[in-house]
Amino acid sequence: MGLDVQTWVQVSAFAGGGIAMGFGAIGAAIGEGLTAAQANAAISRSPKMAGDIFKGMLVGQAIAESASIFALVIAMILLFTKFSGTSYVTVAVVMAAGLSMGLGAIGSGVGSGFPAGAACIGMSRQPAMSGRLMTNMLIGSAVCQTPAIFALVTSFILLFTDFTARPVSPTWAAILGAGFASGFGAIGSGLGGGLVAETSCYGVSRQPLMVTPVTNVMLLGQAVTQTTAIYGLLVSFILMFKTFPGSGALAPASALLAAGLCMGIGAIGPGVGEGFTARSAVDAIARNGEATADLTRTMLVGQAVSESTGIYSLVIALVLIFVV
Amino acid sequence: MAIEGVDVIKSAAFLGAGLAMGLGAIGPGVGEGMAAAKACEAIGKNPKEAGLLTRTMLVGQAVSESTGIYSLVIALLLLFVV
């Protein structure tokens with residue numbers, strides 16, 4: 001029984017669509033569940049604020065949902081597009097698009113649920129701050145979504161660029177590696193960014209006078225947390241846009257696949273760890289504003305050290321792509 | 001096309017290097033973040049000791065970093081020596 005290229009492309013597109021939506025549903029569902037749980041706790045504490053809290057919950061959940069809507073879009077495109085069956089590279093392309101978006105939606109979905117829940121609790125504690133809490137939550141959640149957007153960008157580039165002229169081997173491995181790099185790479189930063197935004201919402205409600213430093217340091221901490229997702233995006237761009245000479249051997253393909261996996265998986269830990277650091281720094285600033293300068297400095301130093309393993313991963317990925 | 005033994009060994013070494021560094025980066029990344037988090041908490045409670053706390057944080061992180069460096073060494077060995 002001989003199956004032609006077109007059949008394999010179709011098989012891979014359907015499997016990729018399933019992976020995109022299946023993995024893509026994990027994060028948002030957990031995040032929104034956490035938000036709803038916190039909203040219930042908040043309403044029981046202060047039933048008079050039920051209207052505002054309910055509104056805050058829905059807005060926060062809508063943002064968390066966007067990660068899985070991206071996954072839905074990619075899954076729909078994979079299911080209903082007629083991909084050309086001229087090259088086996090397309091088999092890898094459609095699978096990588098699904099992997100990138102599915103894995104990439106996990107972290108942002110869970111992460112965006114944290115600040116929304118914290119904002120609900122904050123509104124019950126400090127009703128006068130509910131407008132400011134909403135703004136803070138929106139900013140924090142929006143930053144949480146950026147890793148999912150990086151994954152979406154990678155998926156779109158994969159789907160709408162013509163890779164068929166490239167040699168099948170090792171391009172298939174480069175394409176799959178690109179999917180893994182931006183997909184796995186988004187998990188840690190999404191989660192970490194969410195942890196930071198959560199505490200900043202608690203901080204705003206606990207100490208309304210400290211709104212400005214709390215929001216500023218939140219953004220600074222989240223920005224550092226995003227860096228490993230950016231490394232993942234960088235490696236996936238290199239893997240997608242560099243043309244690799246054709247070769248029948250297995251080793252060049254393995255090197256490219258390994259580069260993507262190395263950067264993607266290596267980005268998870270620093271993303272989460274830097275999120276922990278910034279969370280505690282924001283919390284401490286909300287409690288003791290006088291120490292803001294010291295805390296910001298220590299936070300940045302601590303995050304920089306935490307970043308180092310992400311940089312080692314980047315180095316190994318670049319060595320795998322350009323040197324070996 | 002016949003796949004040769006040398007080719008298989010090389011590709012296994014590349015994949016191993018990538019996975020060693022990728023998976024090895026998770027632990028130190030999270031652990032060092034936790035160390036820095038506690039240092040920030042402590043500085044918030046006792047800002048006068050910021051210097052001592054930052055120093056202790058860095059020493060703790062340096063020790064935590066060692067497994068990441070082991071992963072880097074193994075990855076480089078797999079890429080260039082073995």
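A:Arg287 and A:Asp283 form a salt bridge, with their closest N and O atoms 3.2 Å apart. By a salt bridge I mean a side-chain nitrogen of Lys or Arg within 4 Å of a carboxyl oxygen of Asp or Glu. In general terms, side chains of opposite charge can pair when their charged atoms come close. Both A:Arg287 and A:Asp283 belong to helix 8 of chain A, where they stand four residues apart, about one turn of the helix. Helices here are DSSP runs of H or I with at least four residues, strands are runs of E with at least two, and both are numbered from the N terminus.

Before I continue, please note that this is a predicted model, in which local features need pLDDT of at least 70 and side-chain atom pairs count only at pLDDT 80 or more, while totals for chains, interfaces and linings use all residues. Residues are numbered from 1 along each chain as its sequence is written, chains are lettered from A and ligands numbered from 1 in the order in which they are written, and side-chain values use heavy atoms, with hydrogens and water left out.

A:Asp283 counts as buried because its relative accessibility is 16%. A:Arg206, at 33%, counts as partly exposed, and A:Arg287, at 55%, is exposed.

As for shared partners, salt bridges join A:Arg206, A:Asp283 and A:Arg287 into one network. Over all chains, the count comes to five salt bridges.

Which charged residue is buried yet has no salt bridge? That residue is A:Arg166. A:Arg166 sits in the loop between helix 4 and helix 5 of chain A. Leaving aside residues up to four places away in sequence, A:Arg166 touches A:Val89, A:Thr171, A:Met240, A:Phe241, A:Lys242 and A:Thr243, where contact means heavy atoms within 4.5 Å.

Helix 5 of chain A also contains A:Pro170. The peptide bond leading from A:Ser169 to A:Pro170 is cis, with omega near 5°.

In helix 4 of chain A we find A:Ser155, which counts as buried at 0% relative accessibility. Its contacts, again without residues up to four places away in sequence, are A:Ile74, A:Ala97, A:Ser100 and A:Met101.

I turn now to the pockets. Rolling a probe the size of a water molecule over the atoms shows where empty space is left. A pocket is an open set of points on a 1 Å grid over the protein atoms alone, where a 1.4 Å probe fits, with protein on both sides within 12 Å along at least five of seven lines; lining residues have an atom within 4 Å of a point.

The largest pocket holds about 220 Å³ of space. Its lining has 14 residues, and those closest to its centre are A:Phe244, A:Pro252, A:Leu256, A:Ile321 and A:Val324. Helix 7 of chain A gives the largest share of this lining, four residues. By class, the lining has 11 nonpolar, one polar and two charged residues. Here Ala, Val, Leu, Ile, Met, Phe, Trp, Tyr, Cys and Pro count as nonpolar, Asp, Glu, Lys and Arg as charged, and the others, Gly among them, as polar.

The second largest pocket has a volume of about 180 Å³, a volume being the space filled by probe spheres set on the grid points, which are joined across faces, edges and corners. Among the residues that line this second pocket is A:Asp283, the residue with which I began.

How values were computed
Buried < 20%, exposed > 50% of the residue type's maximum accessible area, 1.4 Å probe, protein only. Lys, Arg positive; Asp, Glu negative; His and termini not counted.
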